[in-house]
Protein chains: 2
Amino acid sequence: MERPTDLYISPLSGSFPAHLACLEVDLAVRVQRVDRKTKLLDDGRDYRSIAPKGAVPALSLEDGSVLTESAAVLQYIADLVPDANLAPAWGTPARYRLIEWINFVSTELHKKHLSVLFSSRAPAPVTEWALSGAAASFAHPARHLETQPYLLGHTFTVADCYLFWAVLVAPYGGISLEPWPSLRAYVERIQQRPSVTRALSLEMPLYRAETAAGTAPPLRPVAPPA
Amino acid sequence: MERPTDLYISPLSGSFPAHLACLEVDLAVRVQRVDRKTKLLDDGRDYRSIAPKGAVPALSLEDGSVLTESAAVLQYIADLVPDANLAPAWGTPARYRLIEWINFVSTELHKKHLSVLFSSRAPAPVTEWALSGAAASFAHPARHLETQPYLLGHTFTVADCYLFWAVLVAPYGGISLEPWPSLRAYVERIQQRPSVTRALSLEMPLYRAETAAGTAPPLRPVAPPA
């Protein structure tokens with residue numbers, strides 16, 4: 001497999017799980033910030049010249065190719081360092097469970113709810129709609145985690161990198177975790193990992209700089225509608 | 001790998017790509033219709049007792065387990081019959097490209113746009129929002145297919161099963177294909193496949209029965225807003 005050279009992120013956005021996975025496997029990559037409004041990198045280049053869709057995360061590889069989409073990036077990082085056990089081996093039943101969870105988080109939690117709730121352009125009826133269905137979606141992993149610490153059982157995987165981020169940011173989008181003790185315990189459990197401390201210590205200052213510049217909203221939990 | 005016994009679908013819905021993949025690899029499965037309103041199977045059982053999320057597709061396996069989420073189901077079917085070449089081998093660069101395209105279709109085209117446009121419950125401002133961003137999303141595969149017949153090059157894969165369906169149904173959700181000759185040619189090309197003829201001949205009568213029963217909308221292209 002080609003070695004990655006650069007990981008493209010916007011702080012605390014949907015690229016956080018990929019950043020976390022890189023830190024979990026101790027992957028030496030340059031972390032490049034993409035401005036979420038202008039799509040410019042800190043060196044002035046237009047990110048869309050690297051990843052035309054303009055979405056993060058993306059991973060540049062040594063051969064000059066660029067891999068996008070969380071499902072692909074997360075599995076690529078996990079497969080680079082199999083000893084870290086961030087993904088079950090290809091072809092095993094557990095691997096399809098991993099893909100199933102990653103797809104659930106990316107389509108249902110991320111795209112259907114979080115993407116809309118954190119969009120600066122979505123009109124009020126659209127965010128209200130995204131919020132109204134969120135409880136039903138978050139209830140599914142909540143039930144699953146009542147009986148096991150991680151999505152695939154007792155092993156932390158890249159699917160947990162993704163779900164952890166979704167649950168961590170949910171309150172900032174107005175989704176209360178009050179109904180789900182299992183999700184709150186899950187976040188607390190994963191927050192103990194050194195990779196999380198490190199990812200947050202790298203991304204929080206970048207996020208605060210964006211808040212100060214007015215390109216990211218202030219970081220405070222949004223009260224759910226009464 | 002455990003052999004699948006049943007594939008759960010709702011006619012012409014997001015389970016169509018999985019049905020198409022089964023026909024491509026000549027997989028002997030019982031195709032079970034899930035009523036999109038009541039979630040009942042034709043034998044009266046509640047589908048949610050099989051797949052608690054209630055979403056299609058799902059694949060029952062011989063050991064009694066159930067696999068859900070298109071990304072997992074499509075890759076499982078492809079991997080069952082490697083000689084059919086519906087997915088590149090695990091671990092190859094092309095396999096990550098497959099995952100990348102499946103994830104793009106499932107999050108961007110399907111969940112962000114088509115799921116909303118075909119929802120019977122989404123209020124008008126929400127469907128207008130989904131429609132307003134659709135052109136930007138469909139333009140990405142359209143550009144890609146200007147220079148190659150299939151998403152991964154010259155080989156038809158399960159990612160094409162998924163994109164074919166998305167492009168086929170787009171006009172019925174109000175997304176005009178007029179701007180993209182490459183997408184129109186892509187649909188025409190794939191419609192020549194015997195698996196497509198067969199999948200449509202199985203699902204169309206089921207869909208028409210739902211239309212007659214008032215549980216599915218009539219099948220006619222929706223004019224995009226002027």
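**Exercise 1. In what order do the 4 strands of the open sheet of chain B lie, and with what pairing?**

*Solution.* The model is predicted, so local features need pLDDT of at least 70 and side-chain atom pairs count only at pLDDT 80 or more, whereas totals for chains, interfaces and linings use all residues. Residues are numbered from 1 along each chain as its sequence is written, chains are lettered from A and ligands numbered from 1 in the order in which they are written, and side-chain values use heavy atoms, with hydrogens and water left out.

Step 1. Strands (E, at least two residues) and helices (H or I, at least four) are DSSP runs numbered from the N terminus; two strands pair if DSSP finds at least two bridges between them.

Step 2. The order in chain B is 2-1-3-4, with mixed pairing. Strand 2 (30–33) and strand 4 (66–68) of chain B are the edge strands, each pairing on one side only. From one strand to the next, the twist averages 25°.

Step 3. Strand 3 (residues 58–61) of chain B runs antiparallel to strand 4 of chain B, joined to it by 3 bridges. Within this pairing, S60(B) stands opposite V66(B).

**Exercise 2. Determine whether H140(B) is buried or exposed, and list its contacts.**

*Solution.* Step 1. Locate the residue: H140(B) belongs to helix 5 (residues 134–144) of chain B.

Step 1. Buried means under 20% relative accessible area, exposed over 50%, and partly exposed in between (1.4 Å probe, protein chains only). With a relative accessible area of 16%, H140(B) is buried.

Step 2. Contact means heavy atoms within 4.5 Å. Leaving aside residues up to four places away in sequence, H140(B) touches K53(A), W101(B) and F104(B). The C-alpha atoms of H140(B) and F104(B) are 9.7 Å apart, for residues 36 apart in sequence.

**Exercise 3. Classify the ring pair of Y8(B) and Y47(B).**

*Solution.* Step 1. Rings of Phe, Tyr and Trp (its six-membered ring) pair if their centres lie within 6.5 Å; planes under 30 degrees apart count as stacked, over 60 as edge-to-face and the rest as tilted.

Step 1. The whole structure holds 15 aromatic pairs over all chains. For Y8(B) and Y47(B), the centres are 5.4 Å apart and the planes are at 40°, so the pair is tilted.

Key. Axes are lines fitted to C-alpha atoms, for helices over the stretch in contact, and angles run from 0 to 180 degrees between N-to-C directions.
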